[in-house]
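Here is a short briefing to read alongside your own view of the model. Have the sequence and the structure open, and let's start with the charged pairs.

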Amino acid sequence: MPCYFYILYSRSRDQYYLGHSCDSLMERVRRHNSKHKGFTGSTSDWELAYFEEFDTKEEAYFRERQVKSWKSRKRIETLLSEGSIG
């Protein structure tokens with residue numbers, strides 16, 4: 001089963017969320033948009049902006065940590081502009 005590194009975007013918060021999962025991406029986005037405690041639970045307009053597929057959860061997690069270490073919205077937006085989600 002493939003695993004993913006993904007980036008979500010919320011228009012209302014004008015923020016990105018970076019994560020990884022081995023679940024269906026559409027199911028994962030649905031859960032992020034449900035009311036729950038945590039960073040994404042306060043709004044329900046998260047949209048999948050980008051993803052990369054990996055063979056293992058460890059690889060997807062490594063990529064998440066790598067992109068988070070950039071601490072740069074501009075670099076994330078450059079990544080988004082270079083990739084596509086379909």
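Eight salt bridges are counted in this chain. The model is a predicted one, so please read each distance below as a computed value.

- Asp23 pairs with Arg31 in a salt bridge, and their closest N and O atoms are 2.9 Å apart.
- Asp23 has a relative accessible area of 35%, so this residue is partly exposed.
- Arg31 is also classed as partly exposed, because its relative accessibility is 28%.
- Glu27 and Arg30 form a salt bridge through their side chains, at 2.7 Å from N to O.
- Both Glu27 and Arg30 sit in helix α1 (residues 25-32), where three residues, or about one turn of the helix, separate them.
- Arg30 is partly exposed with a relative accessible area of 49%, and Glu27 counts as partly exposed at 30% relative accessibility.

- Which residue does Glu64 meet in a salt bridge? The partner is Lys68, with 2.7 Å from N to O.
- Glu64 and Lys68 are about one helical turn apart, because four residues separate them in helix α2.
- Is Glu64 buried or exposed? Its relative accessibility is 6%, so Glu64 counts as buried.
- Lys68, by contrast, counts as partly exposed at 33% relative accessibility.

**A negative patch on the surface**

- A patch of negative charge on the surface gathers Glu53, Asp55, Glu58 and Glu59.
- One of these residues, Asp55, lies in the loop that runs between β3 (46-54) and α2 (57-70).
- Asp55 counts as exposed because its relative accessibility is 69%, and the cut-off for exposed is over 50%.

**The chain as a whole**

- The chain holds three helices and three strands, and their order from the N terminus is β-β-α-β-α-α.
- The C-alpha trace spans about 30 × 30 × 25 Å along its principal axes.
- The radius of gyration is 12 Å, which agrees with the value near 12 Å that a compact globule of 86 residues would have.
- Of the 86 residues in the chain, 37% are buried.

How values were computed:
Residues are numbered from 1 along each chain as its sequence is written. This is a predicted model: local features need pLDDT of at least 70, side-chain atom pairs count only at pLDDT 80 or more; totals for chains, interfaces and linings use all residues. Side-chain values use heavy atoms; hydrogens and water are left out. Patches are made of residues with over 30% relative accessible area and no salt bridge: like charges are joined within 9 Å, nonpolar side chains (Val, Leu, Ile, Met, Phe, Trp, Tyr) within 5 Å. Accessible areas come from the Shrake-Rupley method with a 1.4 Å probe; for residues, only the protein chains shown count as cover. A salt bridge is a side-chain nitrogen of Lys or Arg within 4 Å of a carboxyl oxygen of Asp or Glu. Lys and Arg count as positive and Asp and Glu as negative; His and the chain ends are not counted. The place of a charge is taken as NZ of Lys, CZ of Arg, CG of Asp or CD of Glu. Helices (H or I, at least four residues) and strands (E, at least two) are DSSP runs, numbered from the N terminus. Buried means under 20% relative accessible area, exposed over 50%, partly exposed in between (1.4 Å probe, protein chains only). The radius of gyration is taken over C-alpha atoms; the globule rule is 2.2 Å times the number of residues to the power 0.38.
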